[in-house]
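Here is a short report on a protein model. Look at the sequence and the fold first, then read on.

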Amino acid sequence: MLTDTEADADGLAEQGWITAAQAGDRDAFARLVEVHWQRLRRWLGTMVRDPYLADDLTQETFLKALAALHSFRPGTNFRAWLFRIAHNALISRKRGTRREQGGTPPDTHPDPSRTVEELAEADETRQLVLATLQTLPDDWRAALLLRIDEELSFAQIAEIVKTTEETARWRVFKARQWMLDRLPEGVRDGLRRREQPGKPKGNTP
Amino acid sequence: MTCESLRPQLLADPLAPLAPESAQHLRSCPACQALLEQLQGLDATIRTRPQTPEIGFAPTALLDQIRASAPVIVPRPRRPQEPSWLSRLPWVPLSGLAAGLLLAWGVWGDRTPRTQPTAVARVARYDLLQRQVQHLVRLSTTRKPAEKIEAWTNLSDDLRREVTALQQIAPAEELQQLQTLYARSVESGVVSLAANWPARGQRRERTLTLRRAEERLAQAETEAQALAQQAPHHARPTFEAMAAIARAGRDRLRQLEAIEEVAS
């Protein structure tokens with residue numbers, strides 16, 4: 001996890017690249033692509049469940065971003081701007097083609113610090129959670145992932161998916177409620193025992 | 001503050017700071033604590049989910065194009081196409097069979113007959129070679145299963161007619177060579193193609209093609225059986241064998257049709 005100083009440094013570097021890219025520096029834009037490619041692809045990949053389509057949409061997003069770079073307002077969130085373009089590309093593509101693929105592949109990197117029984121239970125929990133994630137309506141899943149993965153504010157999420165902040169919050173709320181309601185009690189208990197690497201405990205009393 | 005009023009806050013944003021009275025309720029309520037832990041576990045599970053599988057499409061080409069001063073024209077990730085059933089057929093063995101037919105015929109055709117051939121036999125042999133080449137060209141150029149099956153049927157009919165034409169003059173072993181080629185063209189050509197032709201989307205065409213091939217095999221069987229009664233003594237086993245080959249091929253095609261009827 002980045003320290004605040006590192007994050008600030010990265011933020012400043014990114015601002016520099018954005019400014020340079022807007023001035024026509026292609027190399028600066030290529031750096032922005034390198035920085036954001038994986039997280040954008042991950043979000044799109046979970047949304048479409050198709051790695052080929054995810055790659056295609058990721059590329060399309062960056063090409064559109066390059067074409068519309070002059071319209072980006074410096075000082076605003078570049079990542080959120082990219083996700084908005086990606087969301088538009090996703091919606092356009094879904095209108096054109098309806099493609100359903102299989103579920104998310106199993107995790108091949110279990111935690112070595114756990115016992116076999118714990119691992120089996122954790123793996124089952126993970127599989128069920130991820131399967132339930134895929135049953136969410138697209139709008140809810142998009143908002144939930146932007147909140148959890150990207151830690152974007154509800155206002156930023158609202159901007160990306162073109163809705164109000166209240167609706168974005170409601171979608172995230174409904175997504176979590178939907179998932180918990182559909183998970184068996186044993187799995188919900190398993191979630192309580194899951195480690196949360198690198199994340200703050202938040203409201204834990 | 002009650003569980004009902006705190007629950008929506010936690011579900012919307014489990015990490016958000018709580019108002020003092022909400023925090024106080026949370027500290028004293030095991031149910032809300034359990035919910036918070038479940039939500040944090042849920043988020044952690046989602047956050048640590050596996051990456052979308054890599055398909056070998058790196059953004060390198062895009063980056064190269066972006067860094068170039070020219071307009072960006074990049075390749076799109078290409079999904080591997082599901083191979084058609086035709087491409088899954090053992091085309092190497094089948095091509096080998098076709099080439100074998102041609103080669104065998106070339107070798108056989110060049111040999112000096114032990115008995116003086118008639119003019120009809122000479123013409124027939126020359127024509128057969130020409131027709132075999134035409135069949136092979138047809139087989140290599142068409143992609144339609146119906147046309148391929150027809151080409152194999154024509155090829156096998158030509159072989160059978162050749163045996164008929166040469167029954168008086170060709171020795172038994174040479175007739176048996178033609179018989180072997182006939183068997184391969186029926187079994188590995190006509191029947192194999194028919195067996196591997198999926199009916200979906202082409203059921204009517206498939207049925208018609210199979211029935212045509214079936215009729216021609218039935219006719220071949222009848223003719224071979226009749227010739228087995230009339231042919232010179234040394235040629236009779238060849239005709240009997242060819243009748244059996246044609247019958248087996250016809251039966252197999254009927255079987256395939258019956259399976260399709262049951263399936264549909």
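**Chain A overall**

Chain A has nine helices and zero strands. Here helices (H or I, at least four residues) and strands (E, at least two) are DSSP runs, numbered from the N terminus. Along the sequence, the pattern reads α-α-α-α-α-α-α-α-α.

This is a predicted model: local features need pLDDT of at least 70, side-chain atom pairs count only at pLDDT 80 or more, and totals for chains, interfaces and linings use all residues. Residues are numbered from 1 along each chain as its sequence is written, chains are lettered from A and ligands numbered from 1 in the order in which they are written, and side-chain values use heavy atoms, with hydrogens and water left out.

| Item | Value |
|---|---|
| Buried residues in chain A | 46% of the 205 residues |
| Accessible surface of chain A | about 10100 Å² |
| Part of the chain A surface that belongs to carbon and sulfur atoms | 52% |

Buried means under 20% relative accessible area, exposed over 50%, and partly exposed in between (1.4 Å probe, protein chains only). Accessible areas come from the Shrake-Rupley method with a 1.4 Å probe; for residues, only the protein chains shown count as cover.

**The cores**

Nonpolar side chains tend to be buried together in soluble globular proteins. A nonpolar core is a set of buried Ala, Val, Leu, Ile, Met, Phe, Trp, Tyr and Cys residues joined through side-chain atoms within 4.5 Å. The largest has 73 residues. A:Phe29, A:Trp43, A:Leu144 and B:Ile46 have the most contacts inside it. Helix 2 (residues 26-48) of chain A gives the most to this core: 11 residues.

Which residues does A:Trp43 touch, leaving aside its neighbours within four places in sequence? A:Trp43 is in contact (heavy atoms within 4.5 Å) with A:Phe83, A:Ala86, A:His87, A:Leu90, A:Ala142, A:Leu145 and A:Leu146. Another core, of 39 residues, lies apart from the largest one, and B:Ala151 and B:Ala243 are among its members.

**Two helices in chain B**

The axes of helix 8 (residues 145-166) and helix 10 (residues 203-230) of chain B come within 10 Å and cross at roughly 5°. So helix 8 of chain B is roughly parallel (an angle under 35 degrees) to helix 10 of chain B. In their contact, B:Ala146 and B:Ile149 are among the residues from helix 8, and B:Leu210 and B:Ala213 are among those from helix 10. The contact residues divide into six nonpolar, four polar and six charged.

B:Thr2 sits in the segment before helix 1 (3-12) of chain B. B:Thr2 is partly exposed, with a relative accessible area of 40%.

Methods:
Axes are lines fitted to C-alpha atoms, for helices over the stretch in contact, and angles run from 0 to 180 degrees between N-to-C directions. Angles under 35 degrees count as roughly parallel, over 145 as roughly antiparallel, 65 to 115 as roughly perpendicular and the rest as oblique. Ala, Val, Leu, Ile, Met, Phe, Trp, Tyr, Cys and Pro count as nonpolar, Asp, Glu, Lys and Arg as charged, and the others, Gly among them, as polar.
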